[in-house]
Amino acid sequence: MRWRANLTTWLLSAALMVLFTMGNAFAEGNGKRLALVVGMSNYVLAGTLPNASRDAEAFNTFLKDQGFETNLVLNADRRGLAGALSNFSRKIGPDDTALFYYAGHGMQLHGENFLVGTDAKLESEFDVPAETVALSEIIGAMEKRARISMVFLDACRNNPLAERLTREVEGATRGAATRGLAPIETQGGGTLVAFAAAPGQVAADGTDGHSPFTRALIANLSGAGLEVGTAFKRVVRDVRKETQGKQQPQILSSLSLEFYFGPETAAPQTTPAVQTPAVQTAMPQTAAVQPVQPALTVPAMDPEALEAEKDFKKALKIGTARIWHFFVEKHRTGEYADLGRQALAQIEPAAVRNQSHLPQSVEARLLPDKDKRRNVQVALASRGFAAGTADGVFGGQTREAIKRFQSTNQQPASGFITERTAEALGIKVNDRAEGIYSSPKADAMMLPTSRVWKPIKPSCGR
């Protein structure tokens with residue numbers, strides 16, 4: 001009997017050891033949820049952001065409720081912010097989910113984004129590295145360590161210090177924009193970065209204690225069965241509604257894994273109890289009827305909206321007035337068309353913008369090079385309208401030929417090529433959009449400084 005007792009004790013010990021090992025493996029597989037939450041309200045020279053600290057405190061509480069181990073940092077100078085980031089990065093393991101939330105001032109210089117400490121003075125561009133923290137370094141540190149990295153930036157795309165620095169930076173008038181945040185690119189396959197507003201828009205600080213962005217994050221991210229990408233669509237909807245369309249959050253995601261702040265599945269909907277015949281009561285208990293799961297509704301995908309979003313991102317990377325002209329000519333309606341027009345309005349002088357409807361401006365966009373103009377001259381000549389030598393230069397003879405052709409085809413005889421005139425000549429001008437959508441051309445056109453977003457000069461809380 002003693003050997004049976006010893007065997008039983010050994011089996012129980014072995015079972016406990018297996019369960020302990022499995023438990024550790026399970027915990028390591030799931031990893032920890034770690035978060036650094038930063039709120040910057042009391043700037044020495046950049047003024048006060050009334051709601052930034054309150055937003056950080058509210059989001060910190062929200063994350064704790066979702067199982068995150070959080071560290072809340074408020075009103076830190078540059079050294080304090082860097083120290084908090086260093087401690088945070090050291091905690092991150094390869095199976096962990098790491099989240100960084102920031103409410104406060106942000107800026108960009110020469111295409112690089114920076115988060116501003118409360119003690120920043122930024123009297124010259126050489127002060128930027130010492131008084132701010134580069135966003136790329138934060139994202140890079142998280143991507144190297146975490147399984148999933150998420151960054152939420154409730155920061156306006158301008159601030160008073162950047163306004164002053166713009167005037168001080170040598171060459172600022174030649175495009176070295178320092179206000180706002182520039183487009184970013186991530187390196188990892190498990191990264192999500194969310195901005196409170198799209199390029200060219202301002203992020204409201206809010207009037208009732210919290211910003212629209214943070215309030216929408218808290219209200220929507222933890223919905224049962226909502227993956228973070230789907231939940232963020234609801235964030236966009238709520239912010240647009242609250243700001244009457246003036247602010248649209250933007251997300252950049254390379255997540256290859258699904259992540260849920262709340263429960264991964266919605267609560268099951270059970271059907272009313274059904275009385276079964278008495279003969280079935282002898283069935284084993286393991287054959288119990290499973291609750292009926294609600295049918296999933298797959299939202300319809302709008303091909304035009306998807307194409308507009310894709311084109312918008314490509315145009316955003318290039319960022320030239322000509323590219324935005326191409327974009328708004330192709331996409332004339334919808335929210336991305338509105339954003340494209342806003343983008344164009346910020347980087348093109350008003351005097352040029354007011355002349356964009358003139359015949360010569362329209363022709364310049366339709367026929368941006370000599371080859372296309374030469375094709376017009378050849379087409380005119382083939383129809384009996386002599387345009388002189390087909391050299392791609394529109395002189396007096398070519399203008400007269402265009403006028404005669406337009407009159408013959410019952411068009412206004414302006415002497416400048418319009419879309420109607422080009423169509424009547426059989427000249428295809430809609431391939432002008434290749435400047436946006438052909439990736440080899442886009443790569444060739446994309447210089448380091450061309451990625452810089454040139455935002456408006458708004459008055460804004462963040």
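1. Asn-75 counts as partly exposed because its relative accessibility is 28%, a value that falls between the 20% limit for buried and the 50% limit for exposed. Asn-75 sits in the loop that runs between strand E2 (69–74) and helix H3 (78–91), and its phi is near 55°, which is a positive value in a residue other than glycine. Please keep in mind, here and in the points that follow, that this is a predicted model.

2. Gln-244 also has a phi near 55°, again a positive value in a residue other than glycine. The loop that holds Gln-244 lies between H8 and strand E9 (250–253), and at 63% relative accessibility Gln-244 counts as exposed, since the cut-off for that class is over 50%.

3. Is Thr-191 buried or exposed? With a relative accessibility of 1%, Thr-191 counts as buried, given that buried means under 20%. Thr-191 is part of strand E8 (residues 191–195), and its side chain is joined to the side chain of Glu-143 by a polar contact of 2.7 Å.

4. Helix H7 (residues 212–220) packs with helix H8 (residues 228–242) at an angle of about 140°, and their axes are 9 Å apart. The two helices are therefore oblique to each other, because only an angle over 145 degrees would count as roughly antiparallel. H7 passes H8 in a right-handed crossing. On the H7 side the contact is made by Pro-212, Phe-213, Arg-215, Ala-216, Leu-217 and Asn-220, while H8 contributes Ala-231, Phe-232, Arg-234, Val-235, Arg-237, Asp-238, Val-239 and Glu-242. By class, the residues of this contact between H7 and H8 divide into 8 nonpolar, 1 polar and 5 charged.

5. At which angle do the axes of helix H14 (residues 370–382) and helix H15 (residues 396–408) cross? The crossing is at roughly 60°, and the axes of H14 and H15 come within 11 Å; H14 and H15 are therefore oblique to each other, and H14 passes H15 in a left-handed crossing. Arg-373, Gln-377 and Leu-380 of H14 make the contact with Thr-398, Arg-399, Ala-401, Ile-402 and Phe-405 of H15, and the contact of H14 with H15 has 4 nonpolar, 2 polar and 2 charged residues.

Technical notes: Residues are numbered from 1 along each chain as its sequence is written. This is a predicted model: local features need pLDDT of at least 70, side-chain atom pairs count only at pLDDT 80 or more; totals for chains, interfaces and linings use all residues. Side-chain values use heavy atoms; hydrogens and water are left out. Axes are lines fitted to C-alpha atoms, for helices over the stretch in contact, and angles run from 0 to 180 degrees between N-to-C directions. Helices (H or I, at least four residues) and strands (E, at least two) are DSSP runs, numbered from the N terminus. Angles under 35 degrees count as roughly parallel, over 145 as roughly antiparallel, 65 to 115 as roughly perpendicular and the rest as oblique. A crossing is left-handed if the near helix is turned anticlockwise from the far one by less than a right angle, and right-handed if clockwise. Contact means heavy atoms within 4.5 Å. Ala, Val, Leu, Ile, Met, Phe, Trp, Tyr, Cys and Pro count as nonpolar, Asp, Glu, Lys and Arg as charged, and the others, Gly among them, as polar. Buried means under 20% relative accessible area, exposed over 50%, partly exposed in between (1.4 Å probe, protein chains only). A polar contact is a pair of N or O atoms within 3.5 Å; within protein, one must be able to donate a hydrogen and the other to accept it, and residues adjacent in sequence count only if both atoms are side-chain atoms.
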